[in-house]
Amino acid sequence: MTKYDFETISPRYGLGSGKWNEVESLYGRDNDIVPFSVADMEFELAPQIKDGICDFVQNTALGYSNPSPKFKEAVINWQKDVHNWEIEEEWILPSHGVVDAFFSAVNCYTQKGDGVILLTPVYYPMYEAIENNDRKIVGSRLKLNNNRYEIDFEDFENKCKDENNTMFILCSPHNPSGRIWSKEELKKLGDICNKYNVLVISDEIHNDLIMPGHTHVSYATIGKEYEDKSVILTSASKSFNIAGLQTSSVIIANKDLRDRFYGHIRTTTSNPKCNILGYKATEIAYNEGREWLDKCIEIIYKNYELIKDFMNENYPKIEVFDLESTYLMWMDFSKLGFTHKQLEQMNKKEAKIFLDEGYIFGEEGECFERWNLAAPTKVIEDALKRFKEVYDRHLEK
């Protein structure tokens with residue numbers, strides 16, 4: 001196996017990174033703080049992608065580019081080989097990102113005032129896609145059972161029964177908890193949505209980041225009747241840390257839904273496309289990056305076990321959710337007795353640990369924290385030392 005670098009940190013000050021800007025605003029640049037918030041990686045780019053892009057730039061004019069046959073072939077092969085889903089070239093539409101895609105889907109398939117269903121707590125831009133476009137957020141609250149979220153199917157069906165609720169945005173795997181929905185759960189959700197004519201938009205951007213012992217099931221693979229009434233959003237951006245190249249795929253099997261989506265995005269741009277480097281990086285990642293991704297997942301899971309063992313030993317009241325997927329660890333701090341604002345103060349201002357605060361994922365997330373594990377193990381070890389010093393002091397009071 002090729003040796004990959006998962007230890008080097010490249011600070012991103014001055015490059016427009018929001019999480020690094022937050023560190024700089026509080027502590028300047030002369031420090032060794034690495035943020036664990038926004039979901040991109042603090043790892044070096046896979047050498048196959050780095051070298052491939054450099055070679056491409058040396059030998060190619062960077063003009064306008066639509067998705068190439070090689071790009072689409074890479075997407076098709078990845079979906080088939082990794083996710084057991086056979087798709088066709090014409091099903092693939094470009095998008096600058098999965099977030100852009102579900103914003104577009106809300107505008108395309110719903111009307112102002114319509115309800116859009118979410119399983120909450122959930123990835124916060126989904127709320128924004130609904131509210132910012134004058135639609136109504138319809139939350140179906142997930143049930144907590146032994147640090148594991150479960151779907152309240154009775155409540156979900158009651159929400160789908162309302163004819164004003166016309167869309168369901170599914171986060172699969174689930175962000176922030178890392179839960180993988182089983183085939184049985186997906187089928188039950190799909191049966192309810194199909195019964196009440198609720199369109200499913202499945203955000204599967206984390207579908208490659210699957211932890212040992214678990215398997216992701218794409219919503220579209222559970223049956224033709226589900227594939228035909230859904231829109232699947234996917235990208236190599238999370239898996240291979242190329243989010244800045246803003247290239248994603250909107251995969252729509254149903255021709256009517258596909259034509260409607262394409263027609264909608266043509267209202268905001270004359271020729272929908274991403275950028276030539278994003279297409280190339282995705283192609284290289286899918287064709288050559290499997291070994292790097294496997295090693296990356298090993299490091300992520302090692303970091304998860306490190307933090308979980310640390311919390312179990314030192315702070316058993318902090319409940320760490322099982323990590324089934326993603327590189328985002330969900331933690332419940334509520335039993336410590338601090339408010340969510342106190343936790344934020346303790347983490348950022350005292351321990352200098354920058355996490356994503358749970359409340360941004362909905363009110364159900366108050367006193368939870370989301371820890372981005374895609375960083376060198378040594379910086380997590382350093383953060384845990386600062387964590388212990390601060391939390392021991394506060395818990396002694």
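**View 1. Helix H3 packs against helix H11.** The axes of H3 (residues 69–83) and H11 (residues 276–288) come within 9 Å of each other and cross at roughly 35°. Here an axis is a line fitted to C-alpha atoms over the stretch in contact, with angles running from 0 to 180 degrees between N-to-C directions. Helices (H or I, at least four residues) and strands (E, at least two) are DSSP runs, numbered from the N terminus. The model is a predicted one, in which local features need pLDDT of at least 70, side-chain atom pairs count only at pLDDT 80 or more, and totals for chains, interfaces and linings use all residues. Residues are numbered from 1 along each chain as its sequence is written, and side-chain values use heavy atoms, with hydrogens and water left out.

**View 2. The residues between H3 and H11.** H3 passes H11 in a left-handed crossing, meaning that the near helix is turned anticlockwise from the far one by less than a right angle. On the H3 side, look for Lys-70, Phe-71, Ala-74, Val-75 and Trp-78; H11 brings Tyr-279, Thr-282, Glu-283, Ala-285, Tyr-286 and Asn-287 to the contact (heavy atoms within 4.5 Å). These residues divide into 7 nonpolar, 2 polar and 2 charged.

View 3. Lys-280 and Glu-283 join their side chains in a salt bridge, 3.3 Å from N to O. The term asks for a side-chain nitrogen of Lys or Arg within 4 Å of a carboxyl oxygen of Asp or Glu. The two residues sit 3 residues apart in helix H11, so about one helical turn separates them. Both Lys-280 and Glu-283 are buried (under 20% relative accessible area, with exposed over 50% and partly exposed in between, using a 1.4 Å probe and protein chains only).

**View 4. Lys-308 meets Asp-322.** In this salt bridge the closest N and O atoms are 3.2 Å apart. The pair links distant parts of the chain, 14 residues apart: Lys-308 lies in helix H12 (residues 290–314), and Asp-322 in the loop between strand S10 (319–320) and strand S11 (328–332). Lys-308 is partly exposed at 22% relative accessibility, and Asp-322 is also partly exposed, at 47%.

View 5. Arg-12 pairs with Glu-42, their closest N and O atoms being 2.6 Å apart. Glu-42 is buried, with a relative accessible area of 5%. Through shared partners, salt bridges join Arg-12, Lys-19, Asp-40 and Glu-42 into one network. The whole structure holds 26 salt bridges.

Terms used:
Nonpolar A, V, L, I, M, F, W, Y, C, P; charged D, E, K, R; others polar.
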